[in-house]
Amino acid sequence: MYCACSVVEGREVDEEFQVYVSLRAWRLGRKNELEIEPYKICQNRTLCELIRRRRNDDEFAKGKEVNEIESDLLSVWGIGPSKATAGGFGWEMLDILNTPENENYLMLSRNNDEAEDKK
């Protein structure tokens with residue numbers, strides 16, 4: 001299932017979808033560990049917005065002081081104080097975004113858009 005962030009002007013954004021898949025896999029694992037519904041961890045919209053924010057700004061919630069990262073996380077729909085606090089689900093999602101594989105996918109997505117803009 002594609003999330004809203006996986007389609008831009010009628011074209012699939014496969015790189016972003018791969019990141020979305022990895023975040024959903026993380027959420028499924030946490031759901032099973034905690035024995036709760038996945039939407040109680042975060043909704044799909046939150047995953048999509050987090051991906052899009054990092055895709056559009058490589059420095060979003062990355063390489064900053066803890067309070068700045070928490071502030072960035074709080075600006076994402078569906079992330080409140082408990083998820084944004086160090087050790088919360090927001091930080092776990094950032095760990096997934098920060099894997100070399102996902103950073104590469106997001107870089108490719110940015111580069112594809114830059115190439116499209118030059119056409």
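Colleague: How much of the chain counts as buried?

Modeller: Of its 119 residues, 39% count as buried. Buried means under 20% relative accessible area, exposed means over 50%, and partly exposed is in between, with a 1.4 Å probe and protein chains only. Keep in mind that this is a predicted model: local features need pLDDT of at least 70, side-chain atom pairs count only at pLDDT 80 or more, and totals for chains, interfaces and linings use all residues. Residues are numbered from 1 along each chain as its sequence is written, and side-chain values use heavy atoms, with hydrogens and water left out.

Colleague: Now the helices. At what angle do H1 and H3 cross?

Modeller: Roughly 135 degrees, with the axes coming within 10 Å. H1 covers residues 14-34 and H3 covers residues 44-56. The axes are lines fitted to C-alpha atoms, for helices over the stretch in contact, and angles run from 0 to 180 degrees between N-to-C directions. H1 and H3 are therefore oblique to each other. Angles under 35 degrees count as roughly parallel, over 145 as roughly antiparallel, 65 to 115 as roughly perpendicular, and the rest as oblique.

Colleague: Which residues meet there?

Modeller: On the H1 side, Glu 16, Val 19, Tyr 20, Leu 23, Arg 24 and Arg 27. On the H3 side, Asn 44, Leu 47, Cys 48, Ile 51, Arg 52 and Arg 55. By class, the contact of H1 with H3 has 6 nonpolar, 1 polar and 5 charged residues. Ala, Val, Leu, Ile, Met, Phe, Trp, Tyr, Cys and Pro count as nonpolar, Asp, Glu, Lys and Arg as charged, and the others, Gly among them, as polar.

Colleague: How do H1 and H6 cross?

Modeller: At roughly 140 degrees, and their axes come within 10 Å. H6 is residues 89-97. H1 and H6 are therefore oblique to each other. The H1 residues in the contact are Val 19, Ser 22, Leu 23, Trp 26, Arg 30 and Leu 34. H6 brings Phe 89, Glu 92, Met 93, Ile 96 and Leu 97. That contact has 8 nonpolar, 1 polar and 2 charged residues.

Colleague: How many residues of H6 are buried?

Modeller: 8 of its 9 residues are buried, so H6 is largely enclosed by the rest of the structure. Among them are Trp 91 and Leu 94.

Colleague: And where does H4 meet H6? At what angle?

Modeller: The axes of H4 and H6 come within 10 Å and cross at roughly 95 degrees. That makes H4 roughly perpendicular to H6. Val 66, Ile 69, Glu 70 and Leu 73 of H4 meet Gly 90, Trp 91 and Leu 94 of H6.

Colleague: Tell me about Gly 90. Buried or exposed?

Modeller: Gly 90 counts as buried, at 0% relative accessibility. Leaving aside neighbours within four places in sequence, Gly 90 is in contact with Leu 73 and Lys 83. Its C-alpha is 9.1 Å from that of Cys 42, which is 48 residues away along the chain.

Colleague: New topic. What is the phi of Glu 35?

Modeller: It is positive, about 55 degrees, although Glu 35 is not a glycine. Glu 35 is in the loop between H1 and H2. At 72% relative accessibility, Glu 35 counts as exposed.

Colleague: And Ala 61: what is its phi?

Modeller: Ala 61 has a positive phi of about 55 degrees, and it is not a glycine. Ala 61 lies in the loop between H3 and H4. Ala 61 is buried, with a relative accessible area of 2%.

Conventions. Helices (H or I, at least four residues) and strands (E, at least two) are DSSP runs, numbered from the N terminus. Contact means heavy atoms within 4.5 Å.
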